[in-house]
Amino acid sequence: MSRVGVFICHCGVNIASVVNVEGLTEFASGLDGVIIAKDYKYMCSDVGAQLIKDTIKEYNLDGVVIASCSPRMHEHTFRVVAEDGGINPFRVEIVNIREQCSWAHDDRDKATKKAKLLVNAAVAKALLLEPLEKSKTPVVHNALVIGGGIAGIQASLDLADDGFKVYLVEKEPSIGGRMSQLDKTFPTLDCSSCILTPKMMEVGNHRNIELMTYCEIVSVEGSIGNYKVKVRKKPRYVDVEKCTGCTDCVNACRMKGKVPDEFNMKLGNRSAIYMPFPQAIPLKCTIDPNSCIYLRTGKCGKGPLCVEACEAGAIDFKQKEEIVDINVGSIVVATGYDLLDPSSLYEYGYSRSKDVITTLELERLISPSGPTGGEILLPSSGEKPESVTFILCVGSRDETQCSWCCRVGCMSALKHIHLLREHLGTGVEINLFYTDIRSFGKGYEEFYRSTRAKEVNFFRGRPSEVRCVSDGLKIDIFDTITGKLFEIKTGMVVLVPALVPRADSEEFARIMNLTRSRDGFFLEAHPKLRPVDTCVNGIFIAGCCQGPKDIADTVSQASGAASKAAAILSKDELENDPMIAWVDPVICVGCGICVEVCPYSARILNEVTRIAEVDEALCTGCGACVSACPSNASVHKSFTKQQIIQMVDSII
Amino acid sequence: MEEFEPKIVGFLCNWCTYAGADLAGTSRIQYPPNIRVIRLMCSGSVDSIYIMKAILEGADAVLIGGCHPGDCHYLNGNYKARRKIVLVKNILETLGMEKERIWIRWISASEGQKFADTVREIVEETKKLGPNPVAQRWNI
């Protein structure tokens, strides 16, 4: 027979003001198997903990029930206290008499009656709790970072500098991500590539980083400390060992200037063999199989000109897709975002006029390495615009599109105003339609004020329609500040679209076992207290894949995710949660239902013994196999059927 | 005669509905104390036996609370629970008992109000049904 002690916490007055704590203690001390029941003002305090430890020794207890706040709050605390007191930490049962009793009910008698039933059930379970031991699994000291934007770059560098081997997987031919497409960054007007390129080079040269560009994740198996990942290496048709990055092939290509250039938001054209941008890391060419004449038709004139032009002999049309296996201990997901395609919003005229562009397209027009060499020209006529109008919140903060704020739109438009004044002088008219200007970051409000001095017409409201007229664009805007309707004639409209989850985020979440919030971004384990953790242990998120954010926030989140990932990698072995499934080999008949039911492939049917087994490293303790087992051979440790049924008996 | 106060047993998943119930308390949202909660890791681990046992022991209603479809912490445990509940209801119906006493609800960790509203709704509906006749038969 077990010797159980019951400890009841007043939680100051949080519990004691509603629940009759003395009555509850008296009730508990009368229960079968309970040796002693005590109450105290703050059980989680040092004094309370000491009280528990002393009582365990004094009465030679082997199990404790603690009636206090939610087990989600202090279960771990009390397990440690019990262990310090000399009993197995898994012979602790928590009764939630605060969140689910004293705080939710105000009738003292009814609340006390409920608390008694809950204590009764917990004691019934505690008497049956088995002592459990934590098993250990060794940690693989490698990290995987998915996504080579600024978040992935920062996380990789942090982890590599900590001395861990990092695999950085990027799906595009070069790392750099969205930030590499930007010209300047707010609010400092730093040149984006001037601050990004050195980091990219560091990644390329770091001895601890294995850069895997033009690669995609196929599958992830295993668990924290030991993930087995399959990576698809797409063929570049260029031998990266030989390619020197001279781009002679690019100029020789028969498709030169005929393929829309994604890096320049399709405002310019490239060849079928291409270098994504001049600062690309790795500085290697790639052949786009969808536009290469040779790869599509099997012949290209009398022979591909790129092969002829490449002195290094790097072109290799025989390259095939490869699957590479890697083994890592923790993973940082930094897959970034998409911009909402404004062509789905008819009123903004994006699909009707070439002169309606997005902010990212404007970035490429302003960039000296862009399609116009840094000249801001109207895409329709190639002339300088006399008037530019910004429309903020395109799809953002819009119940019919994206309910959330993109967090960067206001600031990026203000930045563009600075850059337009710099490039086009004071002659150009600038209008800005906004909902609210959100300048929340450090130095942002000051930047906004300095922009207001740049002779800009601010209108508060959303335009009803962008209309194409013979010599430009006309927009109707009702300004909610003055209460007047304006008709604005302008040459160029710049839309600031919403930041949305990547198109492949659903599929990717499935591969990684991640959950997504309602908006489709990856869900963090806790919105405030665990912002970089996910619901999967050992997988962390950083940057805009978790939700829209600016570069500064992205970088800090990436460093946070990297240090969480490093904390795992720095251990030699990890303790497994022992509250997992177990199979009684005497009872198991080897039907295999548990193998089918397990979502984590933690169940294996031993071919020799024909008995189901549990892979302790993979089992997460969900209990699905236990309720599915027709012969009751599966046991969920600390949630056994006997324990739960005893609880049901004692709670009614 | 004293007013009938239904006894409700709740099997709540640790990650969503149990956390939602915690949030109701943290937000001081009041609901009837008729519900007694048993915490499980996942709604998918609710065994049909638990529900049957609760009804046979005289619970007037049983609530199974899990994460919203698609949001299960263990990927798909809530779907397993949903299928199991259909079976349990069939069994109850076959035995001539009221399947309306079994409730399954998806309540997330952020839906404290929904948890409180659900408990209130179950209490009201169960009061209409009256006490679980199985319990009365035991009392003979």
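I took helices (H or I, at least four residues) and strands (E, at least two) as DSSP runs, numbered from the N terminus, and I counted two strands as paired if DSSP finds at least two bridges between them.

The model is predicted: I required pLDDT of at least 70 for local features and 80 or more for side-chain atom pairs, while totals for chains, interfaces and linings use all residues. Residues are numbered from 1 along each chain as its sequence is written, chains are lettered from A and ligands numbered from 1 in the order in which they are written, and side-chain values use heavy atoms, without hydrogens and water.

**Sheet.** I found an open, antiparallel sheet of three strands in chain A, in the order 24-25-26. Its edge strands are strand 24 (465-469) and strand 26 (484-490) of chain A, each pairing on one side only. Strand 25 (residues 472-479) of chain A pairs with strand 26 of chain A over seven bridges. I noted A:Thr490 in strand 26 of chain A as the bridge partner of A:Leu473.

**Helix 13.** I looked up burial (buried: under 20% relative accessible area; exposed: over 50%; partly exposed in between; 1.4 Å probe, protein chains only). In helix 13 (residues 444-452) of chain A, the buried residues are A:Tyr444, A:Phe447, A:Tyr448 and A:Thr451.

**A:Gln100.** I located A:Gln100 in helix 4 (residues 98-102) of chain A. A:Gln100 is buried, with a relative accessible area of 4%. I listed its contacts (heavy atoms within 4.5 Å). Leaving aside neighbours within four places in sequence, A:Gln100 touches residues including A:His105, A:Lys114, B:Tyr18 and B:Asp22.
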